[in-house]
Amino acid sequence: MRKWTVVIWLILIFGGIIALFWRNEWVYSLPTPIPKNYAVVNPGDHIDIAAKLNLNNNKPLFLHFFNPDCPCSRFNIPHFKSLVKQYGNEANFAIVIMSNKDYTEKEIQKKFDLSIPVLFDTSIAVLCGVYSTPQAVVIDANNKLYYRGNYNRSRYCTDKKSNYAQMALDSLLQNKTSITFNQFALKAYGCQLPKCTK
């Protein structure tokens, strides 16, 4: 009898470990389901959101779609900060908050330790074709979508060979008209947006 009790406890513990692994790791390595009402936005499509930011310079715009409650978004903060520090003089940056909770601009800026614009208009995600976080959107100086996709193949942005968002920004700043990426760059991974349903 004691042997069966130990076996049952081991099974329960092992099952709990698998459930935690699924919840915290593996589920975020799967592609984000595409919402039923999703409207495709292709590279080259016009996206006019510069007016929301009062941008009068002729620089590209890098939008960071961020959900403070999404683990993937939180792991992405140091990488995004490094991009702002490296390219802040060559491109405009803004954070787009995708959350059902109320946050202030100051709270988000403090979380990132950056003084860049923070937008709370979730309709920007629809304009850009974004349905998960974290996602990067790069818009050229003519308000055309240049890149929409993942930051990196690794959840923790540790694989320098797959720094997709950085590669896209580099290509745009070097005046390359187009860039080709693999499925890991363009297929959304991470957390579904709060208003999406599975």
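These legends describe close-up views of a predicted model.

In this predicted model, local features need pLDDT of at least 70 and side-chain atom pairs count only at pLDDT 80 or more, while totals for chains, interfaces and linings use all residues. Residues are numbered from 1 along each chain as its sequence is written, and side-chain values use heavy atoms, with hydrogens and water left out.

**View 1**
Strands (E, at least two residues) and helices (H or I, at least four residues) are DSSP runs, numbered from the N terminus. Two strands pair if DSSP finds at least two bridges between them.

**View 1. Strand 1 pairs with strand 5.**
Strand 1 covers residues 61-66, and strand 5 covers residues 135-139. They run antiparallel, joined by five bridges. His64 stands opposite Ala136 of strand 5.

**View 2. Strand 2 is mostly covered.**
Six of its six residues are buried. Buried means under 20% relative accessible area, exposed means over 50%, and partly exposed lies in between (1.4 Å probe, protein chains only). Asn92, Ala94 and Val96 are on one side of strand 2, with Phe93, Ile95 and Ile97 on the other.

**View 3. Strand 2 has parallel partners in strand 1 and strand 3.**
Six bridges link strand 2 to strand 1. Ala94 in strand 2 is the bridge partner of Leu63. From strand 1, the chain passes through helix 3 (residues 71-87) to strand 2 in a right-handed β-α-β crossover. Right-handed means that, with the strands pointing away from the viewer, the path from the first strand over the helix to the second runs clockwise. Two bridges join strand 2 to strand 3, where Val118 stands opposite Ile95. Strand 2, helix 4 and strand 3 also form a right-handed β-α-β unit.

**View 4. Asn152 sits in the loop between strand 6 and helix 6.**
Asn152 counts as buried because its relative accessibility is 7%. Its side chain makes a polar contact with the side chain of Asn163 (2.5 Å). A polar contact is a pair of N or O atoms within 3.5 Å; within protein, one must be able to donate a hydrogen and the other to accept it, and residues adjacent in sequence count only if both atoms are side-chain atoms.
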